[in-house]
Every structure is written in structure tokens, then in C-alpha cells.
Amino acid sequence: MNETLMSKFRGRRGYSLIVLIPVILTALYYGLFATDRYVSNARIIVERDSSRMGGLDLGLLSVAQGSSALDVELVKRFIESPAMLSHLDETLALRAHYSNPDADFLSRLSKDASREAFFKYFLEHIEIEIDEDALTLDLAVESFDPEYGQKLGQAIVRRAEKFVNDVGQSLAKEQVAFAQGEVENANKRMFSAADELIKYQNEHEMLSPELETAAVSQIIVNLQGELSRQRTELKAYQSYLSGNASEVVSARNRIRALEAQIEQERAKQVNSGKKQALNALQSRYKELELTAKVAADIYQAGLASLESAKLDASRKVKHLVMVSAPTLPDSATRPRRAYMVVTVFAILNILYLIGGMVLAIIEDHRE
């Protein structure tokens, strides 16, 4: 039984069944039945929007205006995404085109194909290659009609460009919005601190405790000078008048009044149990004044950061540039008929040889 199987496998009949007949059927299919497929090619690159640089000479930063490997990879992933497939199906009825009944049953998509099968079929009919050196993206789209293929390529490029613009603008808007929010918060803090300071000034009816302290100190100095003069005058009166003389009594009264006034003014400067002592007012005033100054500085820094964020966001805005627009195919390049027949012939021959070797090894072991 085994010898019969081996002889059949090694004979012409076995070779014909395993190799020749499948190759002939393959050749008949690709030669007579396989539907022509047209390939539209395009080349695109992701560029930063230099028009929004405001004409600035960015020096070394200008090197970053070009594409990056991450940008190109991101575009590639989006083109190969279900979102792209949904967009193409909505705008160009892609499922209906791929399910065209005029195409042969092996080439077309089944009308009852699931979404997963549709997505797999789509990926099998587009090719995306990244040029690592030039950082460009080469797109090839297959279709059953050359004009439809060009429209399909154009739709893919337009949707990818919108995706790049949306992502870039979204990131830029988020960055600027965050900086804008910080500026608005700093602005509120600045006005709040200023209001607190003004409220404190109005409550205590003074522009600045520091100026008030200086004024009180000057008053005390003047009063002390007058007190010294009155004491000198009193001593002069006492040198030739009795203690009950009207001049002596008046001089003493003036001295007592000056001393009382000086004590009253000094009481304003120190915390002697009174709520509105100038030293306490000045301490609180300094705290409010410093808070207002810090809030104003933070606001100014926030404005500078906002301008910097706007400039940086403008540098991050990108767009797609078509190095080569989707082409209108002149002739069908798929399927590669001769290539497929030769490939099937080579593979079946290899399998035939491997099968023969396996059977030979089994036969040797049994012996």
C-alpha cells in the first residue's frame, strides 16, 4: 500500500495532481477571469506651518520646521484606521465599489462581509511605505476603476490633512488655553490683592501707614523742639520771677500741654493696647502691599508666558504637503498575472519536493 502511494506520488500522475493542474488553473484564472485593478500613487510629507512664524528668524529652530518620523508614522496609522475606512465609505461608497458584481468573485468583497472583513480587505488594497531618509509617505491605492482610484487617493489625502490640522490646532489651542487660563487667574488675584489694599486704606483712612508714621515722627520732633524752648524760657522766668508769677504759671502749663501732646503722638506709633497703633497698621499694610506686588509680578510673568505659548503653538501647527498628487492610472498593474503564476508554480514545486523527502524518510524508517 505504501509502495503504491510512493509510486503514485513520485510519478507523473502525482506531479500533475500536485503541481501542474493547480498551476494551469491558476494561469486560467489570472489569464481569463481575474479583474484588472488600477493603482493610484501619491507621495505626501508632513510640514510645520512656517507661515505662522511671523517672519521670525528662528536660527537653529528652523531645522525643526520639517517633518519627523513620529509625524509620518501618525499619519500612516490614521490612514490604516477604521475611522478612515468609515469616512471613505460615507463619501465614496467604498464598500459598494469593492463589492462590484462585475469584478470576479475572488477579487471582489462579499456583499455580506462583516465590518472586520471589510476593514481587512481595505488594508489588503492599500500600501503605505515610509521613506526613512526623506521622511515622506508613499501611498498606493487599488481599485477596479482608474478614475475612482484617483478620487480614492485624493479623499485619503484630504482626510489625512484634516486629521493633521485638527490634531495640530487642538494641541495648540490647549496649550494657549492653559496659558490664557493662568493669566486670567493671575489677573483676578492681582485685582483682588489691590482691592484688599484699597479697602484697608479706606478702612483706616490713610494712604500709607509708613507715611503716617513719618508724619507723626516729624510732629514729635517739632513738639520736642518746642518743649525744649519752653523749658528754657521757664528757667529764664524762674531766674527773676517768683513761682506764682503769671509768666511762670503759663510757661509750666504750656510745657505740660506739650508733654501730653508728645505722649499722645507716641502712643499712635506703638501698640499700647489700642487697635489702631501705627506699627501694627504698618505691618499689615506691608503684608497687603507685598501680596499685591507679587500678584502683579505673577500677572506680568503670565502675560509673557502667554505670548511665548502662542509663538510655540504656532510652531507646532502642521499640514500635509503633496509632493506628488494621486495619479490617474493609464493601465492596470494588478494583479501581476505572470508573477502570480510563477510564484504558485515555484511554491508547489517546493511543496512537492518536501513531500517526497518526507515520504522517503518515513519509508526508510519503516525498513
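On one side of helix H6, Glu116 and Lys120 are exposed, where exposed denotes over 50% relative accessible area, buried under 20% and partly exposed in between (1.4 Å probe, protein chains only). Helices (H or I, at least four residues) and strands (E, at least two) are DSSP runs, numbered from the N terminus. The model is predicted: local features need pLDDT of at least 70, side-chain atom pairs count only at pLDDT 80 or more, and totals for chains, interfaces and linings use all residues. Residues are numbered from 1 along each chain as its sequence is written, and side-chain values use heavy atoms, with hydrogens and water left out.

Helix H6 spans residues 115-124, and its residues Phe118, Tyr121 and Phe122 are buried. Seen down the axis of H6, the buried residues fall within an arc of 100°, so they line one face of the helix; the arc is that of the directions from the helix axis to the C-beta atoms. Their cover includes helices H3 (69-79), H4 (82-92) and H5 (94-98), together with strand E2 (126-131).

The chain has eleven helices and four strands, and 33% of its 367 residues count as buried. Of the contacts (heavy atoms within 4.5 Å) with a separation of 6 or more, 77% are accounted for by residues 24 or more positions apart.

Helix H2 (residues 12-33) gives the most to a nonpolar patch, with eight residues. Leu17 lies in helix H2 and is exposed, with a relative accessible area of 54%.
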